[in-house]
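I opened this notebook page to record what I looked up, entry by entry, with the criteria beside each reading.

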Amino acid sequence: MRPSSYYRLHSLLIASLAMTFAGCADSLQPSKIGSYALKQDTVQSIPPRIYVANESTNDVSVIDATTFQPVGTIPSLNHSTHDLAVSRDGRRLYASNLASGRVSVIDTVKRETIASIYTGDRCHVVALSNDDSQLWVANIGENTISIIDTKTFRILGTIPVGKGPTGLTFSHDGRFAFVSGQGDKTVGVVDTASHQIVKSIPVGANPHFMVVARDGHVWGVNTGQNDVYVLDPETHEKVGSFVVGDKPQQIAFAYKGTTGPLAYVTVGSLNKVIGLAGDPKELKIVDEIAVGEGPNGIWSNQEGTRLFVAHDKGNEIRVIDTGTGQTIATVPVGRKPIRVVVSR
Amino acid sequence: MTLGHVSATTTILSLSLSLTLTLPVHAQNAPVGNATNAIGELVIVRTDGVQQRLQGKGNVPLYEGDVVKTDSSSQAMIEFVDGVTVALNENTSFKLLSRWEKDMPVVRILRLKQGEVWAKTNGGPKRFEVETPVATAAVKETEFNLKVQDDGQSILTVIEGVVSFGTPFGTCPIRTDTISYGVRGKKCTKPAAADAKAAKSWTEALRSPAK
């Protein structure tokens, strides 16, 4: 046998053995829950898109994140489309639908809803686990978090949480999930290894939206007392708060020139976006940007130089240059846009 | 046809298409199954809160979103239109749900809040799942028994076939004559040998033919 033939045969044998044992492992071991499988030859990059959840038109507007031109609209096939989460590769978008109690799974390449999953009464916010393998969904009407396997779309578990869960985010290391509870005026800290609430942090009246900053601090808004608060990622203590005005909505992080990152908060009653900076214990306003009617959802680009602001009364998205505070594009979307997210 | 007609036709077509696209995909006016037998009483709670009850043999239609429940002295049997038979033991409650996926048959889902169910598929592969607070059992062709304890722990016994038993920490195939436990915060346990026939003994009175 020639050496090349020998090596080819040897390789084939090893490959066969590997496949055999892989099959055994699949059949005997619990299969790992992973993100949806994609054939390598079909993977292509998708240009960054802005996605907007329109609550009163039950759909998602799609906008090119580079040219700010509308690309299309995706019906959610459900009612009261509210929150969005986009996968890291940009190929899947998950939308909560308050009135239906269902999550719509959207194929962003085909721009269509491909699945509808009932999670619970008044499902409100959605958050992807750090590896995109699970989607956590807060159900206000049932005081629970549903856990969806993003590969099979099955609900694999339900976690009882505090009253009226309305905000949800994961720590940078994925060890904890933070759930704000309107009824309890607290943020529950869920250990993602045990699915137990390990701490309940009093934060104020009507805690709602939550997000994790790049430094790991957890930021949230209290719609009942018009302020934002900051939680320490290590101690899980509230370390700061700041009153921003009536109807604080959502938060995104971006730079104003060399300053930042600032926490930009949409304030519905003021028709403004307010930029906060400084030590969480001594926050101060360092930027104020006048926007349109009813600013609600907000997101920043990767570089932190643009803000995308959804206006739930003006039914539009404004793209803001944070360096100058100027609106550089206005894009009409569906009725009552609540949430905006941007793929990478 | 005038331009006006074309325009009107186009508008009607657009409206029709728009309405089609925004229609809910989950029609709630077609029964998904029937409650066919109750020892004691089966209570059916509709999505609008209206209640209906079955005592003895009958044929009460069930719809998406209904909650069915038995008390401490009741058992019941349900036949789904897609060929799945489910029995409820005492103190059992579940909600009838479904999952829609493009180009696929609807997945019938029971969200088991408490109690014990026995389920058997008939007439070929099905898309059927039972969700508990800590795990989900997904089947195609099988017969199994699933019990939820007060703390959410879920006990699956497979009588025949294979059940894919998953928690948020992993999924494993559970086969004929084996048992597995689903616990909050953990993978389902490795399958262990079990007396599967004993697991369904509580259904005998329900499944016996009418006298």
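Predicted model: local features only at pLDDT ≥ 70, side-chain atom pairs only at ≥ 80, totals over all residues.

Residues are numbered from 1 along each chain as its sequence is written, and chains are lettered from A and ligands numbered from 1 in the order in which they are written.

Entry on confidence. I read ipTM 0.74 and pTM 0.82 for the model.

Entry on chain B. I found three helices and 13 strands in chain B, where helices (H or I, at least four residues) and strands (E, at least two) are DSSP runs numbered from the N terminus. Of its 211 residues, 42% count as buried, a term that requires 20 or more other C-beta atoms within 10 Å of the residue's own, with exposed meaning 12 or fewer and partly exposed in between, the C-beta atoms again being placed from the backbone. Among contacts in chain B between residues at least 6 apart in sequence, I noted that 43% join residues at least 24 apart.

Entry on the interface. I found 28 residues of chain A in contact with 27 residues of chain B. On the chain A side, the elements that give two or more residues are strands E7 (112-118), E10 (144-149) and E11 (155-160), and E7(A) gives the most, with five. I also noted that the residues of this side divide into 13 nonpolar, 12 polar and three charged, with Ala, Val, Leu, Ile, Met, Phe, Trp, Tyr, Cys and Pro counted as nonpolar, Asp, Glu, Lys and Arg as charged, and the others, Gly among them, as polar.

I then followed E7(A) across to chain B, where it pairs in the antiparallel sense with strand E6 (residues 93-101) over three bridges; two strands pair if DSSP finds at least two bridges between them. Ala115(A) has Glu101(B) as its bridge partner in E6(B).

Entry on a sheet in chain A. I traced an open sheet of four strands in the order E20-E21-E22-E23, with antiparallel pairing, and its edge strands, E20 (248-256) and E23 (284-290), each pair on one side only. E20(A) pairs with E21(A) (residues 259-267) over six bridges, and Ala254(A) stands opposite Leu262(A) of E21(A). Within E21(A) I also found Pro261(A), which a cis peptide bond joins to Gly260(A), with omega about 5°.

Entry on backbone angles. Most residues other than glycine have a negative phi, and most peptide bonds are trans. I noted Asn206(A), with phi near 55°, in the loop between strands E15 (196-202) and E16 (207-212) of chain A; Asn206(A) counts as partly exposed because it has 18 C-beta neighbours inside 10 Å. Asn315(A) also has a positive phi, of about 55°, in the loop between strands E25 (306-311) and E26 (316-321) of chain A, and with 21 C-beta neighbours inside 10 Å it counts as buried.

Terms used:
Contact = placed C-beta atoms within 7 Å.
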